[in-house]
Each structure stands twice: as structure tokens, then as C-alpha cells.
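Please examine the sequence and the model shown below. The paragraphs that follow lead from one part of the fold to the next.

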Amino acid sequence: MDEYRRPQVDVLVNRLTEDPHHLITLSGPRQSGKTTIVLQALEMLREAGWKSHYVAVDRPSSTIPPTFSNANESEFDDPRPLDIQGLVQNWEQARQEAKRHSQGFILVLDEIQKIPQWSETVKGLWDADRIEDCPLRVVILGSSPLLMQSGLTETLAGRFEPLDVRHWSFGEMSQAFGFDLPQYLYFGGYPGATRFCREQERWREYILRTIIATNIERDIFSMNRVDKPALLKQLFELGTGYSGQIMSYTKLLGQLQDAGNTTTLARYLDLLAQTRLLAGLPKYYGSFQRTRASSPKLNVLNTALMTAGSRYSFEEAQADRTFWGHLTESAVGAHLFSTMTSDMRLHYWREQPHEVDYVLQRDSRIIAIEVKSSRKKASLQGLEAFEEKFHPWRSLLVGENGIPLNEFLTTPAHQWFSET
């Protein structure tokens, strides 16, 4: 993995060599490699003569290679966790470095959400730099998507340029770790978990404890907006078991203890989607805007979340064709969700007895997508019914007798809207 560079590395390098008009923020799910992207970009820039300083707010010094902190080490060396005062001191020292170097200077603040009220302080420091035209470039990132997003949108609106870091795609996992398609479907796109794939129980524990538990307990619960934490955990577990399937809110309420109401469930699904764990996709209605929430189609946003909780081994999962079919469909949905741009929306469609697995919308254009994992001849009645009613811009069959699954999972969602 050390030799593999995600595309975001080059994007970050290019942005850091531009004039510092905006803060650069890296946002995305836990364990998606945000810190690695930054460190690789700093290494490339260091080789080109740029000076920089990387600060992990919680100061896990063993993870900070000294070559990435190539300013005057004595000025920055401090083993204590950063607080507001430490943040200001590091920023001030970086300012002085920026004034001494013709190219300017780069300051990276990792895990910044761990400093209380960090966004207000960053806002004041950044605004002061713009007044003085200080050539200081600043990158901020953190492992808690919800806490990061809250600070950015509520305080730093207009001052930052986001660099989205998504779950690893099939193409990336194949290039970096040699995954074939079945391995990707089962083990998903968490690079840090690959070392455990040969020990499946150890891999499962890593996903359940290091990724899922941390996401839910540190990210969602730390927002202090969850009145029923046990319910949210149950909803996530139920959602991973029914990924790739449509579940009415009434049915969900019937399977959850102390479930409250549909408004609560919809809100919790939204929180799970924001942390890139589980989405509840809405039904497509065309131009008609339905006021009452539709039955959601549950979809894990990384297939490892589905298989880790299933207790199936890799071999058992492939042997159960129904489970493998839901897993394949979930992988398609997760890929679309992860690679679609901000002007796209993802839905499903169903009008008994017909159904279309996914409907991808961009402005007035819609694409109908049907997934077939069976070797049997695919029935296209759902696509045909949808085409007759909504006249989509394009219809896609993914899998047997259609677009090969490996090809689809290496094509970003926006490319399907291309004219060619």
C-alpha cells in the first residue's frame, strides 16, 4: 500500500501549489486513507522543495515520519495533545515559516475535531492570514465525518475547498492489493483490514470493533443527537442483514425494540449514511414529490459491513446464491453512492410486480440500472415497464448478459451520463 497512490494525492499536490485562497479539507469515512493521502502528497512536495509541518492533534508520535516535518523541528516539537492554545502556537510558527520561504509553507492539522471549538479558532486565524496575504497553505482533516462537517458548514462556510475521500473502489483494491472480484465483494474496500484476510475471524473482529463500533460510538453518538443509541445499533445491524432489499418503515418498526416512530428511523438512517455506513435509498417517483417518506431500500456503503455481520465465511457466502446476489447488488449500490457527484441522486423504483434496482438521476436525466448475478437469462420486465413510464436517458443491465460487473465497478457513476 505504501507504493500505491490514490488519485486524490495528485489532486492535493496541485491544490497546495496554488495560491492559498481556501483551506483544504479532506473528508470521508474512517479507514479510507485520508492521512496516507496527505503524507504522500507532502513527500512529493518536499522532494520539489516545499516546506511543511504535519501535526496530529492527539500526537501519536510513532505515526509521524520525521521527514514530513521539515521546518525547524525545535520550534514545533511538543509531545502534548493539542488544545486551542497549541493550535494557535503551531499556526503562528507556521506563519513565520511561510514568510521565510519563497514558496510559502504548508501546515497540516490531522484529527482537528478533537480540539473543542476548533472551527471558530481556525476561522479567526485563516481570516487574519487573508488580510495579511500570508502564503500559508492549511490542510485540515479528521476521522469523524459528522464532527468535521458540523464545524465546516456552521463556521467555515465559504472558506474551505473539500477534497472528498471515498471508500476504496474495486479498481483500487485490485491494483493495491491484488483483489479479484469475489474478494472485493466479500472483503470490501477497507485497506487497513487486508492484512487480516487470511484469518477471517480476525478480519471480522477488526471490521466489527475497529470500524463499525468506532464509527457508531465515536462519530454518531458523540454528536449528542441520538436519544436511543440501542435503537440506532439495532437499525444498523438489521440494515446490514437486509442490504439490497426494500423494507417498509412499518416492517422495520416491527423488528426493532423500542423503535419510536418512522421519523426517528429516517433520521438515524440519515446519520448512518453521513458516516458512510448504511443508506436508505428513496423510491423514484419522477417529477411527483411525495410528502410522506417512501419505503427505503437499505444498502451498505461498503460490502465488508454486510459480510462481517453475516457470520458467513468467504466460501459459505459464495455458496449461498441468494446472499451472494444481495451482496453483488449491494456492491453496485455502494459504488454508485460513493462515486456519484454532488448533483446526482440515487433511488430505486418499484410498482408491483415490477422493480428496477437503481435509478441514478442527474438534473433531468435518469439512468435505470438492473443488476443480475444469476447465470439464468435475465428478465427485463422491470426495465421495460420503467422505460415505458419514465423514458430514461439510458438503461443499463449489469452482470450476466450485460455490462460485466468488474467493468461497472471500475466506472465512476458520472461517466454513464457521457454522450459516448
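In this predicted model, helices H10 and H12 pack with their axes 10 Å apart, at an angle of about 70°. Angles of 65 to 115 degrees count as roughly perpendicular, so H10 is described as roughly perpendicular to H12. The crossing of H10 past H12 is right-handed. On the H10 side, the residues that meet H12 are Leu 231, Leu 232, Leu 235 and Phe 236. Their partners in H12 are Thr 264, Leu 265, Tyr 268, Leu 269, Leu 271 and Leu 272.

H10 itself runs over residues 229-241 and has 13 residues. From its first C-alpha to its last, H10 reaches 19 Å, which is close to the expected 18 Å. Which residues of H10 are buried? They are Leu 231, Leu 232, Leu 235, Phe 236, Leu 238, Gly 239 and Thr 240. In an α-helix there are 3.6 residues a turn, so residues three or four places apart point the same way. The buried residues of H10 pack against several elements, among them helix H9 (200-220), helix H11 (249-255) and helix H12 (262-274). Strand E7 (278-281), strand E8 (297-300) and helix H13 (304-310) are also packed against by these buried residues.

A second pair of helices may be considered next. Helix H5 (residues 118-132) and helix H6 (residues 145-155) have their axes 9 Å apart and pack at an angle of about 45°. H5 and H6 are therefore oblique to each other, and their crossing is right-handed. H5 contributes Trp 118, Ser 119, Glu 120 and Lys 123 to the contact, while H6 contributes Leu 147, Met 148, Gly 151, Leu 152 and Thr 155.

Glu 370 is found in strand E11, which covers residues 365-372. Is Glu 370 buried or exposed? Its relative accessible area is 8%, and buried means under 20%; Glu 370 is therefore buried. What does the side chain of Glu 370 reach at 3.2 Å? It reaches the backbone nitrogen of Asp 357. The side chain of Glu 370 also makes a polar contact with the side chain of Lys 372, at 3.4 Å. When residues up to four places away in sequence are not counted, Glu 370 touches Glu 355, Val 356 and Asp 357, as well as Leu 383, Leu 396, Leu 397 and Val 398.

How values were computed: Residues numbered from 1 in each chain as written. Predicted model: local features only at pLDDT ≥ 70, side-chain atom pairs only at ≥ 80, totals over all residues. Heavy atoms only, no water. Helix = DSSP H or I, 4+ residues; strand = E, 2+ residues; numbered from the N terminus. Expected span 1.5 Å × (residues − 1). Buried < 20%, exposed > 50% of the residue type's maximum accessible area, 1.4 Å probe, protein only. Contact = heavy atoms within 4.5 Å. Polar contact = N/O pair within 3.5 Å; in protein donor to acceptor, adjacent residues only side chain to side chain. Axes fitted to C-alpha atoms, helices over the stretch in contact; angles between N-to-C directions. Parallel < 35°, antiparallel > 145°, perpendicular 65-115°, else oblique. Left-handed = near helix turned anticlockwise from the far one by under 90°.
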